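Subject: Structure for you to look at

Hello,

Please find the structure below, with my notes after it.

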Amino acid sequence: MAAEAPVKLWINAYEAPRVTGYHAHEDGQLFALREGLQVIETPAGRWVQPPGWIGWIAPRCAHAAHSFGATAGWSLHIDPAMAQALPAEPHVFATTPLMQGLVDRLTSLDASSMACEARRARLVGVLLDELAASARPSLHLPMPQDKRLVGMASALANDPASPDTIDQWADRIGMARRTLTRRFAIETGLSFAQWRQQARLLKAVELLSLGESVTAVALTVGYSSVSAFIEAFRKHFGCTPARFFDEGMALPQAKKKPA
């Protein structure tokens with residue numbers, strides 16, 4: 001029996017949003033969207049994937065996914081031996097011109113051609129090297145593990161404009177303020193204020209990906225003014241909301257999934 005190819009490529013398009021429950025793959029998975037938005041979840045956190053950014057799921061990493069709107073993009077399943085340099089948890093990478101060129105070439109190859117398999121594996125090897133060397137932070141919101149803190153964090157992630165203070169949350173979940181502050185920082189690696197701002201900014205990325213205006217997004221995620229939102233966004237991501245999606249770059253047009 002012939003050995004399985006170390007890299008398997010699919011290019012997909014879906015007209016409606018999709019929700020995928022917790023599952024895991026034996027292979028590693030790289031994927032990106034040309035259009036639409038996807039949120040990846042594990043018990044450790046949430047990762048937002050806007051168009052043009054490359055997502056990564058490690059082999060046997062249990063995760064769930066939720067897409068918004070119509071989506072189109074590509075997916076690569078990779079032999080675990082090829083992907084040992086990539087993170088053990090999910091990650092979302094901004095692309096570079098070199099990464100984009102590799103993706104363009106990969107998606108232009110005949111997915112059903114045996115002759116293209118070795119070439120595809122070489123191209124993926126270079127792409128993996130570039131991703132492993134990437135210094136850009138992932139679009140990640142860490143989640144605490146304590147059940148009471150999980151409930152609080154989930155509510156704030158879904159409604160980051162909520163005005164409730166840390167003292168109000170401490171009373172609500174039955175935890176001393178000092179204990180909440182200390183445990184939340186230990187479990188997420190961020191202070192409550194830092195985490196809350198990150199939740200607001202990642203929710204902003206979701207809404208901007210779906211075509212909302214900067215003004216509407218600023219108010220929806222809880223900023224008192226558009227200028228305050230733009231400045232916070234620039235400090236966190238290194239660019240304004242208007243420039244953010246230039247970082248991901250455009251992906252090739254979706255083709256039908258190979259038979």
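**Leu123 and its surroundings**

Leaving aside neighbours within four places in sequence, Leu123 is in contact with Leu102, Arg105, Leu106 and Leu109 (contact means heavy atoms within 4.5 Å). This is a predicted model, in which local features need pLDDT of at least 70 and side-chain atom pairs count only at pLDDT 80 or more, while totals for chains, interfaces and linings use all residues. Residues are numbered from 1 along each chain as its sequence is written, and side-chain values use heavy atoms, with hydrogens and water left out.

Leu123 is found in helix α2. Helices (H or I, at least four residues) and strands (E, at least two) are DSSP runs, numbered from the N terminus. With a relative accessible area of 16%, Leu123 is buried; buried means under 20% relative accessible area, exposed over 50%, and partly exposed in between, with a 1.4 Å probe and protein chains only. Leu123 and Met99 are 24 residues apart in sequence, and their C-alpha atoms are 10.0 Å apart in space.

**The chain as a whole**

The chain has 9 helices and 8 strands. Of its 259 residues, 47% count as buried. The accessible surface comes to about 12700 Å², and 54% of that belongs to carbon and sulfur atoms (areas come from the Shrake-Rupley method with a 1.4 Å probe; for residues, only the protein chains shown count as cover). Among contacts in the chain with a separation of 6 or more, 75% are between residues 24 or more positions apart.

**Helix pairs**

Two packed helices are described by the angle between their axes and the distance between the axes. Axes here are lines fitted to C-alpha atoms, for helices over the stretch in contact, and angles run from 0 to 180 degrees between N-to-C directions.

How do α1 and α2 lie relative to each other? The axes of helix α1 (residues 97-108) and helix α2 (residues 117-132) come within 10 Å and cross at roughly 160 degrees. The two helices are therefore roughly antiparallel to each other; angles under 35 degrees count as roughly parallel, over 145 as roughly antiparallel, 65 to 115 as roughly perpendicular and the rest as oblique. The crossing of α1 past α2 is left-handed. A crossing is left-handed if the near helix is turned anticlockwise from the far one by less than a right angle, and right-handed if clockwise. On the α1 side the contact is made by Leu98, Met99, Leu102, Val103, Arg105 and Leu106, and on the α2 side by Arg119, Arg120, Leu123, Val124, Val126, Leu127, Glu130 and Leu131. These residues divide into 10 nonpolar, no polar and 4 charged. Ala, Val, Leu, Ile, Met, Phe, Trp, Tyr, Cys and Pro count as nonpolar, Asp, Glu, Lys and Arg as charged, and the others, Gly among them, as polar.

Helix α3 (residues 147-158) packs with α6 at an angle of about 40 degrees, and the axes are 9 Å apart. That makes α3 oblique to α6. Here the crossing is right-handed. Met152, Ala153, Leu156, Ala157 and Asn158 of α3 make the contact with Phe192, Trp195, Arg196 and Lys203 of α6. By class there are 6 nonpolar, 1 polar and 2 charged residues in this contact.

For helix α4 (residues 166-173) and helix α5 (residues 177-188), the axes come within 9 Å and cross at roughly 100 degrees. These two are therefore roughly perpendicular to each other. Ile166, Asp167, Trp169, Ala170 and Ile173 in α4 meet Arg177, Leu180 and Thr181 in α5. The contact of α4 with α5 has 5 nonpolar, 1 polar and 2 charged residues.

Val205 lies in helix α6 (residues 192-209). Is Val205 buried or exposed? At 0% relative accessibility, Val205 counts as buried. Not counting residues up to four places away in sequence, Val205 touches Val48, Pro50, Phe233, Phe237, Phe244 and Phe245. Val48 is 157 residues from Val205 in sequence, yet the two are 7.7 Å apart in space, C-alpha to C-alpha.

Ser213 is in the loop between α6 and α7 (214-220). With 42% relative accessibility, Ser213 counts as partly exposed.

Arg60 is found in the loop between β5 (54-57) and β6 (63-78). Its phi is near 60 degrees, a positive value in a residue other than glycine. Arg60 is exposed, with a relative accessible area of 53%.

Regards
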